[in-house]
Amino acid sequence: MQSRSYTNLLELASGNFPVMGREREKRRLPRIMTVPGSITELDDEQASSVASDNPSSLSMDRMIIVANQLPLKAKRRPDNKGWSFTWDDDSLLLRLKDGFPDDMEVLYVGSLSVDVDPIEQDDVAQVLLDRFGCVPTFLPPNLMEKYYDGFCKKQLWPLFHYMLPFSADHGGRFDRGMWEAYVAANKLFSQKVIEVINPEDDFVWVHDYHLMVLPTFLRRRFNRLRMGFFLHSPFPSSEIYRTLPVREEILKALLNSDLIGFHTFDYARHFLSCCSRMFGLEYQSKRGYIGLDYYGRTVGIKIMPVGIHMGQIESVMKLADKEWRVEELKQQFEGKTVLLGVDDMDVFKGINLKLLAMEQMLRLHPSWQGRAVLVQIANPARGKGGIDLDEIQVEIQESCKRINDEFGKPGYQPIVYIDTPLGIGERVAYYSIAECVVVTAVRDGMNLTPYEYIVCRHGISGSEANSDLGGPKKSMLVVSEFIGCSPSLSGAIRVNPWNVEATAEAMNEAISMSDPEKQLRHEKHYRYVSTHDVAYWSRSFLQDMERTCADHFRKRCWGIGLGFGFRVVSLDPNFRKLSIDDIVSAYIKSKNRAILLDYDGTVMPQNSIIKTPSREVISIVNRLSGDPNNTVFIVSGRGRESLSRAFAPCKRLGIAAEHGYFMRRSQDAEWETCGQSTDFGWMQMAEPVMKLYTESTDGSSIETKESALVWQYRDADPGFGFAQAKEMLDHLESVLANEPVAVKSGQYIVEVKPQEASKGLVAEKIFTSMAEKGKQADFVLCIGDDRSDEDMFEIIGNAISRNMLSVNTAVFACTVGQKPSKAKYYLDDTSEVILMLENLAEATDTPVTSDDENEGSL
C-alpha cells in the first residue's frame, strides 16, 4: 500500500526535475537560475538518470557542501540598494575545506539568513557564485516558515531530542502540510545542486536533519553520484524514531546516500536498529568499517565527532582586546573559583538543572560559600523553535534569584547570569579564567563548548597571552553523559544531569581536585582536541566517502521505485536478472532437463501463513514433472510427510526432504536415506540447549524433524532473536563438537542436521544418476532463496569441471532476491519465480495432467 505521506506530491512521485546543464564541459558552472513563487510551478519534464558504466576518475575536482544555511553573513547596504555579504567565520561549514586537498574546489549550496526580493535574486545569485562559490536557494517566506520553523523545529528537532508530542504544547503534533513543505524545500535545494553538479567528478556532502530527504532527489537523477550525509543532531532510539508518521520515507531517503555520518556510536546504533526493525537490514563490520547492504549497495556508516577550528580559536586568543578583557574578568572574580556554563537557550540544555546542582553544592559544602561562582552564559535561541521558552526562562530567573538571595552577600553573588549575546572574543575570555566548565544538557548532538574551553585554557605556545594562565596548564570538565562529545573526553567527570545531587558532588570534586591531576586530565584532553580538529574530521569523512563509493563503480546500477520508495539497485556485472525469453529458448532446445526447486521463499512466499502450495503451483509443477524429458525435484528443509501431502497430486515429482537426508524420485518410489548413520542420539544433547533458549526468547519455537532440529525466531524481537541465535550457534557447536552433525544458521533459524545432509549433495546425486542412465543433463535450472541453497549453486558451478555436466549444458542457477550469492541469476520474488515456471510449463512438449490436481483443498 502506498504511503499517504507523499500521495499529494505529484512532482516527487513522477520524479520531475529541471533539465539544466545536462551537457557541458567538465568544470564549467552554468548560470544560476532561480524559481521564485509557487512550488507547484516547477518543471514537469521527466527525469533522466545518469548511469554511466565508466568509473569515475576519482580526481576529487570539487566538493559540493549542501546545508540549510550558507556560511555567509548578509546585511542591507546603508543606501538600501543591494546587499553586502561576508564570510561567517563562526560557521563550521566554512572550515570543512581545511581537510580537503589544496586543489579541491568547494561549492556551497544553501539558503540565506535574509529574505531577498525576487527581483534581486538573479543578481545576488550571480554575485555569490562569482565571489564566494556559493549557490543560494531562495525559499519563499511561506515555504520557509512551514519547512524550517514548522517541520524542522516543531517536529524533527524535538523528536530527535527525545521529546514526544504528547500534547500540542510540547513538540507539536504531526502536520502533513509541514511535511509536504519539508519535501518541497528539499527538492528546491536539490535543483540548485543539479544546476551546478558534474556527477562524474563531484562529491556531494549533505548536512543535518533539515535535508534528510535530499539524497533521494539527487539519487533519482544521478545513480552513481558520490554522496555523503552527516547528522549533527542526535539520532533517537528506534522506539522514539518509529513514532514519526513519515519514518520510512526519511530512512529510505538517507539510505540513498553512500556514507552516513554520526557523532557517536550510540546515534549510529539507534539508526542501525531502525534499519533492522523496519527493513530487516543487518549491518556488517569489516576491517573496522560498518556497512549496510541495501539492494546491492554498501551504505557506509561513519562514526566520528566533529572537532573545532584550532586556528580560529587561537587567532581570537591573540587579540589584544581579549587580553584586556581577561584582566578585567580576573579583577572582577579575584579570590573566587569560577565555574562556567555556556549554552544556547533551549529546553534541552539543562540550564536550570545546573543551577540546582550549584545550589546543592553550596548547601552540602558550605566552605564554597563566598568562594565559588557559577557564570552562566545563555546564548539566544536558534530560530523560533517549536517549544515555548518563556516558562523555562522564568524558571531560570527564579532559581538565580533564590540562590543569590540565600547565599549572596555584599561583593559576592554565587550565580552570574548573562543572557545577552556574546561574541567569540568575550566567550574566550571567560573560558580563560574558568576553573571548570559544566555542561548539563539532557540531550545534545555534539556541543563543542568543552573543546573550546580546553584550547583556551591551554593558551598559545610562545605567546604573551600564555601568561594569563600562569604556570602549568590545567582544566576541569563536568559533562553530561547525554552529549555527543562526552565519549571523547575520557578525563572529564561524566554525570547524569537529572541527578542533581550527583552533579553537585561532581562539581565539588572538579574544583577540589589537586592541580597535578587537573594538569594530567587537561593534557590528555588537549592532545585529543588539537589532533582531532575540524580538518581531521572532514578529511576522514572524505576518505571514507571515496572508499565506500569506489566499490559502487565496479557494479552495474539502475534506479527503481517511485517517490520515497526509490532506490538504486547495484549488482555485480556477472550477476543479472534471469530473462524468461532466454531460459524458455534454452528449455525448448534441450532434451534432458534437471529442475531443482526450493520450497519456502521460492515457490511459496516466505511470510505466508498458508504453508500449502496454491492450485496454480501444483498445476505448473505437475506439468513440468509430467514431461519425460524432465527430472524435477522439490529440494527443501521441510519434513517428508508435509512435502508428500503438499505435492500429493504430482505423481512424477521427486522430493528431497530435510535438506536431502530423505529422497524420493517419484511418488511410487521408496524413500532413500542419504547417510549410513541412523543414530540420532545427538538430538538428546541438542534439544535441551534449544529449549533453554526457547524459554528465554519470546516468539521462538523448536521444530523437530526426523533427522534434524530447527530453532526458529521469526516472531521474536529482531535484535534479541539475532543475538540469541548467535549465542545458541556457539553453544551448540561446543556441545556437539564430537558428533557427526552440522550446526547452521539461516533466515531466522538455527538448524542442527547430519553432516551428510546437504542440498548440494542432492544436486550431485541427481546429475550423476542422469549421467549413469545415458541422459546427461543439457539443461539445469536451480532456484532457491537462502543459505542452504548456496550449496546447490556451488555444486552446479563446479559440475562441469567434475564432468557431471557437459560444457554445452545450459545452466541457470538463480537466487530469489537481489543479494550476494553464488548464483549468476536472480528473480525478485516468488511471483516472478512462478511466472517463469509457468512459461516453462507452457513450452513443455508433453504436459501431463492429473486427476488428483483437483483433489483436496490446497
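In this predicted model, six cavities of 30 Å³ or more are counted.

Nine strands make up an open sheet with mixed pairing, running in the order E20-E32-E31-E30-E21-E22-E23-E24-E25. At its edges are strand E20 (576-577) and strand E25 (672-673), each of which pairs on one side only. Within the sheet, strand E30 (residues 779-784) pairs with strand E31 (residues 810-816) in the parallel sense, over six bridges. In this pair, Gly 784 stands opposite Thr 815 of E31. Helix H25 (residues 787-799) packs on the sheet and touches E30 and E31, as well as strand E21 (593-597) and strand E22 (630-635). The direction of H25 makes about 155° with that of E30.

Elsewhere, a pair of helices deserves a look. Two packed helices are described by the angle and the distance between their axes. For helix H4 (residues 141-160) and helix H5 (residues 176-196), the axes come within 8 Å and cross at roughly 115°. The crossing of H4 past H5 is left-handed. Residues of H4 in this contact include Leu 143, Tyr 147, Phe 151 and Leu 156, while those of H5 include Met 178, Trp 179, Leu 188 and Phe 189. By class, the H4 and H5 contact holds 13 nonpolar, three polar and two charged residues.

Terms used
Residues are numbered from 1 along each chain as its sequence is written. This is a predicted model: local features need pLDDT of at least 70, side-chain atom pairs count only at pLDDT 80 or more; totals for chains, interfaces and linings use all residues. Side-chain values use heavy atoms; hydrogens and water are left out. Two strands pair if DSSP finds at least two bridges between them. Helices (H or I, at least four residues) and strands (E, at least two) are DSSP runs, numbered from the N terminus. Contact means heavy atoms within 4.5 Å. Axes are lines fitted to C-alpha atoms, for helices over the stretch in contact, and angles run from 0 to 180 degrees between N-to-C directions. A crossing is left-handed if the near helix is turned anticlockwise from the far one by less than a right angle, and right-handed if clockwise. Ala, Val, Leu, Ile, Met, Phe, Trp, Tyr, Cys and Pro count as nonpolar, Asp, Glu, Lys and Arg as charged, and the others, Gly among them, as polar. On a 1 Å grid over the protein atoms alone, a cavity is a set of points where a 1.4 Å probe fits but cannot get out, and a pocket is an open set with protein on both sides within 12 Å along at least five of seven lines; lining residues have an atom within 4 Å of a point. Grid points are joined across faces, edges and corners, and a volume is the space filled by probe spheres set on the points.
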